Amino acid sequence: MPNSIKILIPLYNDWDALELLLERIKHTVEPSFFEQLSFAIVDDCSSIPCDINRFSAYKLEIIRLWRNVSHQKAIALGLSFLTKERTFDYLLVMDSDGEDRPEDIESLYNACLKNNQIVFAKRAKRSEGLIFRIGYLVYKGLFGLLTGKVIEFGNFCILPFEQAKKLAYVSEIWNHFPGGVIRSKLSYNSVPIIRGTRLAGTSKMNFVSLILHGLSAISVYLDTVAVRIVISSLVLVVLSILVALVVSIIRLTTPYASPGWATTLVSTAVIVILQAFLSSLFLVFTVLNYRTQKHFIPALEYHELIQQVDSTEICKIK
């Protein structure tokens, strides 16, 4: 029997782009491969209504949410719903705007078949402007510096059913899906692809949204980030103590000190030491308190946010 592939697409008002994307998928992949596909659209409480009959030509269902929860959380809810209430062999996650190209679906699937692990699409070539690319490099650098991990991919990926089912119990995917996959320690790989261009409409992402997206990725490793910041603070404290000692020795044993400068430098060093110590102490207690809190587990609580599920199969029966 051929493998069934469920394609999960989070969406907010991008109905025109979705229609073009589905058409491109149908005309891009092999007909026999297209028969294996079915679509699950997570409608993130769109303000523009859309009747499911618009997509009656496809095996498709729309998971409508009670409220807007943002892109990453919509993926977490859709993944949890599908692994709990649907059967399939593979789950493919992609965006609705067309920047995740239909031409790469079969490549991801074939790579997943080889090793039966999660496979991400790594951007080999980006189509965004210079400012976005600079910001993305800064984000990657900060992520690596603060977490010690490397992240070179977005949401476009394919997961075997068993891995998808386990991932639904990883609370970190609620904040950032690829970061949650890395944190879960599930086996994953990546293949290089070219980023596509938007099919219709304009992007909902602005500068503030991009910053929040980056911070959400880093927040997945909050405990690791806290430890690295504490270590950096301790290094700063040691350096400040050394500076204060050197200044004091110069002031007391040599005639080169000018009036007032030693006192100023020592006072500055003491202030830096106190600030670094208090900031580290506050951060440690914040993280310890965070670890005692009950976290949102998508697999256990997804149903609270799902309003209804519409299906083209039900429409055809009616």
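Which residues of α3 are buried? The legends below begin with that helix.

**View 1. Helix α3, residues 71–85.** The buried residues are Gln72, Ala74, Ile75, Ala76, Leu77, Gly78, Leu79, Ser80, Phe81, Leu82 and Thr83. Buried means under 20% relative accessible area, exposed over 50%, and partly exposed in between (1.4 Å probe, protein chains only). With 11 of its 15 residues buried, α3 is therefore largely enclosed by the rest of the structure. From first C-alpha to last, α3 reaches 21 Å, close to the 21 Å expected at 1.5 Å a residue. The expected span is 1.5 Å times one less than the number of residues. Helices (H or I, at least four residues) and strands (E, at least two) are DSSP runs, numbered from the N terminus.

This is a predicted model: local features need pLDDT of at least 70, side-chain atom pairs count only at pLDDT 80 or more, and totals for chains, interfaces and linings use all residues. Residues are numbered from 1 along each chain as its sequence is written, and side-chain values use heavy atoms, without hydrogens or water.

**View 2. The largest nonpolar core, 45 residues.** A nonpolar core is a set of buried Ala, Val, Leu, Ile, Met, Phe, Trp, Tyr and Cys residues joined through side-chain atoms within 4.5 Å. Leu8, Leu91, Val93, Leu159, Leu167 and Phe177 touch the most other members. Helix α3 supplies the largest share of this core, seven residues. Apart from this core lies another, of 34 residues, including Ile7, Ile25, Cys50 and Val119.

**View 3. The surroundings of leucine 159.** Neighbours within four places in sequence are left aside. Leucine 159 is then in contact (heavy atoms within 4.5 Å) with Asp89, Tyr90, Leu91, Val93, Ile118, Ala164, Leu167 and Phe177.

View 4. A salt bridge puts a side-chain nitrogen of Lys or Arg within 4 Å of a carboxyl oxygen of Asp or Glu. Glutamate 19 pairs with arginine 54, closest N and O atoms 2.9 Å apart. Glutamate 103 and arginine 24 form another salt bridge (2.8 Å, N to O). Glutamate 103 is partly exposed at 35% relative accessible area, and arginine 24 at 28%.

**View 5. The salt bridge of glutamate 99 and arginine 195.** Their closest N and O atoms are 2.2 Å apart. The two residues are 96 apart in the chain. Both are buried.
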